[in-house]
Amino acid sequence: MELAKLDNVGLIQNDGSPCGSKYFLLWNPPLHMKKEGGSQGSSVTRRSSPIVEVSYLFSEMVQHGLRCIAFCKTRKLCELVLSYTREILEVTGKELVDSICVYRAGYIAEDRRKIEADLFEGKLCGVAATNALELGIDVGHIDATLHLGFPGSVASLWQQAGRSGRRAKQSLAIYVAFEGPLDQYFMKSPDKLFGKPIEHCQVDSHNPKVLGQHIACAAYEHPICLQYDENHFGSTLDSIVTTLKDKGFLVNNPSGPFSSTMWNYIGPEKNPSQTVSIRAIEHDKYKVIDKLNNRLLEEIEESKAFFQVYEGAIYMHQGVNYLVEEFDLSSRTAFCRKVDVKYYTKTRDYTDINVLGGDFAYLPACKTNHLKTTAQANSCKVSTKWFGFHRICKSSSKILDTVELRLPPYSYDSEAVWIRIPRSAKLAVEERKLEFRGGSHAASHTLLNILPLHMMCGASDLGTECVNPHETRGMPERILLYDKHPGGIGLATQVKKLFGELLLAALELVSACSCASASGCPNCIQSLTCSEYNEVLDKEAAILILKGVIEHDRSYFEVKEASDRS
């Protein structure tokens, strides 16, 4: 209804397809003791790597003749699972090493079509895939699915698990948990997973990057009329038409009764819909080329490119390591060659979030059926700067060396939701000689960790301001989450409505966690996606900050309501 601006639609929801029984297994990696802080450090209890666990399960599936899809949340996880599984099969089933591969966005269309055909025809026994294989592609009969971590929504989990067991045959789904609070919540309370209703899908039909491509395709099919088509495309139609005109995509129709408001497509593409990616919002991409044969390996969206390719980067493609030797910014091309190395690389970077139109004064409260909150949702500019990268040993995860990096900064417009940390909370943290930056960082992490329990989103959808231990830049005194999608997809507005509940849930999570470390653990304030390796975190400070924000909001509205009554 939102996408097509329709008042009513007919819902078809009864499934009449044949379906056999499905065994659903929740797999929590085993616990073991681990030293922290070197040989003299204290021992803590940690779980085995879920990536390794999934890789062993994947190899077992293949060796038992079960056709399998191993679903992973990110492209990099897919490549790691494939690499580890092949290492296992080299020892236990060498003839099966080439019977598995990766399927994900970024690969060129020709390679994806070949993988789809090989999987359908049974030439491949299994693939490690992102949600690119979640729906819409017929891959034939699949016996089992593996799920590396909660995919971000119950809807996605069931959609992925539904890829196996078609044609009325029995099937198996195994959900392997990460150590984070969300996965562990479902491991401890599986009824919360299987009894959880399907979430509402978040749709933002006004995202300017999506809408611009949409209008170009629509104008190709039928002239756009500003007078009438605003009903379908929204109030920004006029400005987007102007932008497309300036780019040479649209031209004003010189004849007809509404000539001044009619626009036709004249763009460079014969059929513009063929150039629109259904897997990414962005149009600008960087190419990755194998120097040996000049073959195009894949294309990476502009907002992700500098995190993955730069001179000296180790880049994975189909489980194989490539070293980026040349990076041509003008042609947006990375040239690489195959290498056999025992390390991987990770960028050193920082991201600034400039909130536009936001003010640290308290603005009118969010009026919803949820808890009242002074949280605000505003447009923002996200700017990332890269200043180096680490070479990290695969076996020990120790940093081998650090290399400087010079890349241009990258910025995009998005949306953010934030709340001010009151002065009283900061003073309470400082009085106890705790780390305020570590506390606000930890509090933001906690909100990110519990958010998928409340709405449909994943780690790739929202981010926060992560603190670098070496930087001296002043940071705003706030808890902030921002939409990682250029242009935003409406997540900030949805989070704002829930912010009061999220603060309470975050406080409960951190307070109830039994870990004794000041920097917390993956079950409370640590985040698997932290760009600063969870270095600057303070659990006790996070509790004080969350309590301070909740109490300040409560007292603010009590005073306001008393004033309104009087």
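A residue is buried when its relative accessible area is under 20%. C530 sits at 4% relative accessibility, so C530 counts as buried. The model is predicted. The domain assignment of the protein gives four entries, from domain 1 (22-32 + 45-195) to domain 4 (350-385 + 410-565). A search of the whole structure finds zero disulfides.

**Domains and annotation**

- Domain 1 covers 22-32 + 45-195, and domain 2 covers 208-274.
- Domain 3 runs over 285-341, while domain 4 takes in 350-385 + 410-565.
- The centres of domain 2 and domain 4, taken over C-alpha atoms, are 40 Å apart.
- An unreviewed UniProt entry lists residues 53-209 as "domain: Helicase C-terminal".
- That span, 53-209, is 41% helix and 15% strand. Its end C-alpha atoms lie 39 Å apart.

**Nonpolar cores**

- The largest nonpolar core holds 43 residues. L447, L451, I479, V495, F499, L503 and L546 touch the most other members.
- Each of these elements supplies at least two residues of this core: β20 (410-420), α11 (423-431), α12 (436-450), β22 (478-483), α13 (491-512) and α14 (539-565).
- The largest share of this core comes from α13, with 12 residues.
- L451 is in contact with C457, L462, L481, V495 and L502, leaving aside neighbours within four places in sequence.

- C521 is in no disulfide. The nearest cysteine sulfur belongs to C513 and is 3.6 Å away.
- C521 has a relative accessible area of 4%, so C521 is buried.
- A disulfide needs cysteine sulfur atoms within 2.5 Å.

- T373 is found in the loop between β17 (343-356) and β18 (376-393).
- Is T373 buried or exposed? T373 counts as buried, because its relative accessibility is 0%.
- A polar atom of the T373 side chain lies 3.0 Å from the backbone nitrogen of A375.
- The side chains of T373 and D553 are joined by a polar contact of 3.5 Å.

**S460 and its surroundings**

- S460 is placed in the loop between α12 and β21 (462-464).
- Which residues does S460 touch, not counting those up to four places away in sequence? They are K484 and H485.
- S460 and Y322 are 138 residues apart in sequence. C-alpha to C-alpha, S460 and Y322 are 24 Å apart in space.

- Most residues other than glycine have a negative phi.
- R332 is not a glycine, yet has a positive phi of about 55 degrees. R332 is in the loop between β15 (320-328) and β16 (333-338).
- The relative accessible area of R332 is 28%, so R332 is partly exposed.
- K433 also has a positive phi, of about 55 degrees, although K433 is not a glycine. The place of K433 is in the loop between α11 and α12.
- K433 is exposed, because its relative accessible area is 76%.

Definitions and conventions: Residues numbered from 1 in each chain as written. Predicted model: local features only at pLDDT ≥ 70, side-chain atom pairs only at ≥ 80, totals over all residues. Heavy atoms only, no water. Helix = DSSP H or I, 4+ residues; strand = E, 2+ residues; numbered from the N terminus. Buried < 20%, exposed > 50% of the residue type's maximum accessible area, 1.4 Å probe, protein only. Polar contact = N/O pair within 3.5 Å; in protein donor to acceptor, adjacent residues only side chain to side chain. Core = buried A, V, L, I, M, F, W, Y, C linked by side-chain atoms within 4.5 Å. Contact = heavy atoms within 4.5 Å. Domains from an automatic or database assignment. UniProt positions renumbered as here; feature names shortened; annotations may be inferred.
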